[in-house]
Amino acid sequence: MPSDLVIVYHRQPYDEVEVDGQIEYRDNKSPNGIVPTLKSFFGKVDNAAWVAWKETEDTSNPQFDRVINIEDSFGKYTVYRLPLTGAQVKSFYHVTSKEAFWPILHGFKEKYNYDPVDWATFKEVNWAFAEAAAAEAAPGASVWVHDYNLWLVPGYLRQMRPDVRISFYHHTPFPAADMFNVLPWRAEIIGSLLSCDVVGFHIPRYASNFVSCVRSLEDVGAVPRVKVEPDMIAEGSALSDRTVPTEIRTEDRVVQLGVTPVGVDVEYIKSLAGSDKTAELAARFRSEIGDTRVLLSVGRTDYTKGGADQLLAFERLLERRPELRGTVRLLHVSVPANRAMTVYEPIQKELEEIAGRINGRFGSFTFQPVALISRAVPFEELVAWYQVADVAWITPLADGMNLVCKEYVAARNDGDGVLVLSEFAGAAVEMGAAVLTNPFSSRAMDFAIDLALDMPEDERRARMELLRASVDKRDTRHWAAEQLALLSPEDFGRKSAKESEIA
Ligand code: GDG
């Protein structure tokens, strides 16, 4: 049945489990993260579909079920599984998206790798995604496309289905023209995004950067801007802006710029945090680590997450402040996203090398200052660790939003704990009450960790109260409501010209 809402996201929205030779589709093991948030939209429309890829050896195999119907705790929906070969996945996702786009989106020109890119395959895969979305969408449906690996889908889909409403959401940062224009395919990408009704970003800066990229390619005239809400400005921090562009007018359409920071499922995290099981786990962890303070760092193994710089800052801490040796530990959880991606191997090696050196220099038979965990910790345990950690040390060099810092705050139902957060994480603009730091500066990193470790309890609690209010306010439900408003045509253009100023 044609769908009123089609979500186009590279991952499938369920876990595939084989039981007695039969495939069963189950709710994702992790109830946390972006997939359940997106699935929650299925409860809001009668007919919904999800388009994702499914790797297969033979894409023309007639036995391959492209369309399957799912019924789970989120409701009934259709999943269109786009068959892709391993070679197509490698080319469009692991190479073009991760080796060429990802570094540019995060401002790492030196890591940009053009040579292995096969642009024809990228286009072919994006075209196939667009065809799948076009096949699933009812007349006038809303199609919601996610992330840079599907950048060309809106343009193709617009050619196939001029009637649908297209919204595109970026989970990453969006860089300004000086950086973005390293990509030789810039005109094609921007052209595709300008065929959307809505282009979405986490924070105002990314929307402004997008406008700068558009303007480098075409004259779109004046762009209206409105004031940024005060609670989306962290005074003096690197990513804060005072005004935000609201729309771009092209010859064909008005493209609305949606700025809606992704939040976390505060209700779910609070319920986990308040459970007896978590209390038991936290008590066990505390007794196991003994009388030391815990610094916690959690993230994927990726150069953007700044893991090595953070470990070096920890090494300096133990050098600079000998009195802290034996009294403070760093739990560094760094999970490789995909072991097939060799591009991340050197980072893993670097983390292991620095952590090993710190333990060699400052550890003993019975005490290791760094615990480097390179596999995923179950979320229930992670929440218990959030509660145990005296400091959450989240210092990416660039990060679209960063949900870990929000999870830490949501889990601190005791009202204590310190968040040290990079000012280059999108979340920093909402979390001015954190100890914001610049991970490119050793001095700033040293100052921030000293401040966090020496912070008196009343200040910790006062800051945490503000942080919890902000995380509560913009949780997943808030994000879903904002997105739904952007996805439904009647809300289009709801920002009146009166509240706008012209840039
Ligand atoms: C992209 C953007 C943006 C991590 N380690 C473990 C674990 N995690 C979970 C965290 C959190 C998620 O992974 C990581 O989310 P982030 O937002 O920090 O980062 P990305 O994966 O890079 O996500 C990012 C996001 O999209 C949403 O738009 O914020 O900027 O890069 O939920 O909890 N979960 C478990 N064990 C682990 O060891 N269970």
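Helices and strands here are DSSP runs, helices being H or I of at least four residues and strands E of at least two, numbered from the N terminus. With that convention, asparagine 402 falls in the loop between β17 and α13. Please note that this is a predicted model, in which local features need pLDDT of at least 70 and side-chain atom pairs count only at pLDDT 80 or more, while totals for chains, interfaces and linings use all residues. Residues are numbered from 1 along each chain as its sequence is written, and side-chain values use heavy atoms, with hydrogens and water left out.

Let me stay with asparagine 402. Its phi is positive, about 95 degrees, although the residue is not a glycine. Is asparagine 402 buried or exposed? Buried means under 20% relative accessible area, exposed over 50%, and partly exposed in between, with a 1.4 Å probe and protein chains only. At 7% relative accessibility, asparagine 402 therefore counts as buried.

With 78% relative accessibility, aspartate 20 counts as exposed.

I turn now to helix α13, residues 404-411. Eight of its eight residues are buried, so the helix is largely enclosed by the rest of the structure. Among the buried residues are Lys406 and Glu407, as well as Cys405 and Tyr408. Which elements do the buried residues of α13 pack against? They are α8 (266-273), β14 (293-300), α12, β17 (391-394), β18 (418-422) and α15 (457-473). Contact here means heavy atoms within 4.5 Å.

Next, the helix pairs. Two packed helices are described by the angle between their axes and the distance between the axes. Axes are lines fitted to C-alpha atoms, for helices over the stretch in contact, and angles run from 0 to 180 degrees between N-to-C directions. Helices α12 and α13 pack at about 70 degrees, with axes 9 Å apart. That makes α12 roughly perpendicular to α13, given that angles under 35 degrees count as roughly parallel, over 145 as roughly antiparallel, 65 to 115 as roughly perpendicular and the rest as oblique. In this pair, Phe379, Val383, Tyr386 and Gln387 of α12 meet Val404, Glu407, Tyr408 and Ala411 of α13.

Helix α12 (residues 379-388) also packs with helix α9 (residues 276-289), at an angle of about 60 degrees and with the axes 9 Å apart. That makes α9 oblique to α12. The α9 residues that meet α12 include Leu281, Phe285 and Ile289, and those of α12 that meet α9 include Val383, Trp385 and Val388.

Finally, helix α2, residues 86-105. A straight helix of 20 residues would span 28 Å at 1.5 Å a residue, whereas α2 spans only 25 Å between its end C-alpha atoms; the expected span is 1.5 Å times one less than the number of residues. Where does α2 bend? The bend, about 45 degrees, is at serine 97, taken as the angle between axes fitted to the seven residues ending there and the seven starting there. Of the 20 residues of α2, 17 are buried, so this helix is largely enclosed by the rest of the structure. Phenylalanine 92 lies in α2 and is buried, with a relative accessible area of 0%. Its contacts, not counting residues up to four places away in sequence, include Trp53, Ser97, Phe122 and Asn149. After α2 comes glycine 107, with a positive phi near 80 degrees.
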